[in-house]
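Please look through the model below before reading my points. Keep it open as you read, and check each residue as it comes up.

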Amino acid sequence: MSREVVKPTFRSRVRTYFTVIGGIYVALLLLLTIPWIQSHAVFMNVVKLPLFAQYDNPENYGMAPGKVANIKIVTPDNHTLGAWFILSDNIYQSMPFPPPPNAAENALHEALASQPTILFLHGNTATRAFYVRVRQYSGFSSRVRANVLAIDYRGFGDSEGTPSETGLMTDSRAAWDWLITNGANPKDIVIIGHSLGTAVASKLSVSLAEDGTQFRGLALLSPFSSLHAVVDTYCVFGFLPVMLPLTMVPGAAELFKSSLRHEFNTLSIISRVKVPLLILHSENDWDIPHWHSDALFDSLLEPYLTPLAALPHNVTLWSNEEWSEYEGQMTLRDRERESLVTRTHIHNFGVMHEFESSGKKIVLVKALTGWHEPGTIEGVQDMIRHVFSLA
């Protein structure tokens, strides 16, 4: 007698698929609690794009002949970093073409002494030769008319060592010191951080403020408020929240975040930045949602607004009078915000919000597009030139 084969039902197939996906999800989260794997997930420095890069030949990646000097910077803890120094077009275009060999090296001191300079701190993954970053150097040097120093942190590109939160801070300070040693005036330097680099740039800016060093300004492109907040808000493809399944288990999300070795908490230190600040984010950024920039800007505005009464744990305990008072405070804060913040719509580009804090300019720009690479947009480059008066 033949045995009848029972085919799985649609419901059983779906249950199996979800069980497998759930198992993979849990396994990945458990792996991410391992420090070595977690660090690789945060920095992704093993992804060395472009592959087999020839850093001493930046012309291969789109830079003009003789415009870039491939340099080495030694950190206080004796790591050698690879970096590019890109000449401002004001200097480069004054040279005969084609330029002589080592033109950028020979003009380096003159360029630093006479032109503004951008210290560019990139995000995770890839190297200083990655095409998206090269597009930004090109725009900064030609459209903003500034020199650019772009470093690869330890463990990135051809730089020695292994990345860490403290290590990246050390590297950024070494890059700053290299600029000053070679003739740059701090008041001519704008520090620009992108993505992960915004946390590094913010820490460097606070360190310089604590030393009493005044520089031109700080620009944060696609910043995040803290690594914990990124974990909370990150969505795969922009719409699949990574942490949503964990939030269904009481305490699971907080337990997972407690395993994070790195903080990169810009929100906790942004108020200690003492120079003009530009925060810029694209509204269509799928990697880091633009409300991270709102959180940073709002934290700087908060001291100038009427404090709100703390909400009780159980809001149903409030009386009608208490709710009325709370709504009145909210209305007052909205009016205060309108009086403090200048809001400018830029046609087909985005919205600029601006106010002054202790005599320094604070600007938030929400661009309509740019995805996670707003620094490649000409309007963003123009905004940097405008905010920091680099014309």
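1. Ground rules. This is a predicted model, in which local features need pLDDT of at least 70 and side-chain atom pairs count only at pLDDT 80 or more, while totals for chains, interfaces and linings use all residues. Residues are numbered from 1 along each chain as its sequence is written, and side-chain values use heavy atoms, with hydrogens and water left out.

2. The whole chain. The chain has 13 helices and twelve strands. Both are DSSP runs numbered from the N terminus: helices are H or I with at least four residues, strands are E with at least two. Of the 391 residues, 48% count as buried. Buried means under 20% relative accessible area, exposed means over 50%, and partly exposed lies in between (1.4 Å probe, protein chains only).

3. Surface and contacts. The accessible surface of the chain is about 19,700 Å², and carbon and sulfur atoms hold 59% of it. Such areas come from the Shrake-Rupley method with a 1.4 Å probe; for residues, only the protein chains shown count as cover. A contact means heavy atoms within 4.5 Å. Take the contacts with a separation of 6 or more: 72% of them are between residues 24 or more positions apart.

4. Strand β5. How many residues of β5 (189–194) are buried? Six of its six are. Ile 189, Ile 191 and Gly 193 point one way from the strand. Val 190, Ile 192 and His 194 point the other way. Residues on both sides are buried.

5. Neighbours of β5. Two strands pair if DSSP finds at least two bridges between them. Strands β3 and β5 run parallel and are joined by five bridges. Here Leu 119 has Ile 191 in β5 as its bridge partner. Five bridges also join β5 to β6, again in parallel. His 194 has Leu 221 in β6 as its bridge partner. From β5 the chain crosses through helix α7 (196–210) to β6, and this β-α-β crossover is right-handed. That term means that, with the strands pointing away from the viewer, the path from the first strand over the helix to the second runs clockwise.

6. Helix α11. This helix covers residues 291–301, and its buried residues include His 292, Leu 296 and Leu 300. What do the buried residues of α11 pack against? Their partners include strands β6 (217–221) and β9 (277–282), as well as helices α8 (227–233) and α12 (320–340).

7. Phe 97 sits in the loop between α3 (89–92) and α4 (103–114). Is Phe 97 buried or exposed? It counts as exposed, because its relative accessibility is 65%. Leaving out residues up to four places away in sequence, Phe 97 touches Pro 65 and Tyr 92. Pro 65 is 32 residues from Phe 97 in sequence, yet their C-alpha atoms are 9.0 Å apart. The peptide bond from Phe 97 to Pro 98 is cis, with omega near -5 degrees.

8. The loop between α2 and β1. Pro 50 lies in the loop between α2 (35–43) and β1 (68–74). A cis peptide bond joins Leu 49 to Pro 50, with omega about -5 degrees. Phe 52 is also in the loop between α2 and β1. Its phi is near 55 degrees, a positive value in a residue other than glycine. Phe 52 counts as exposed because its relative accessibility is 79%.
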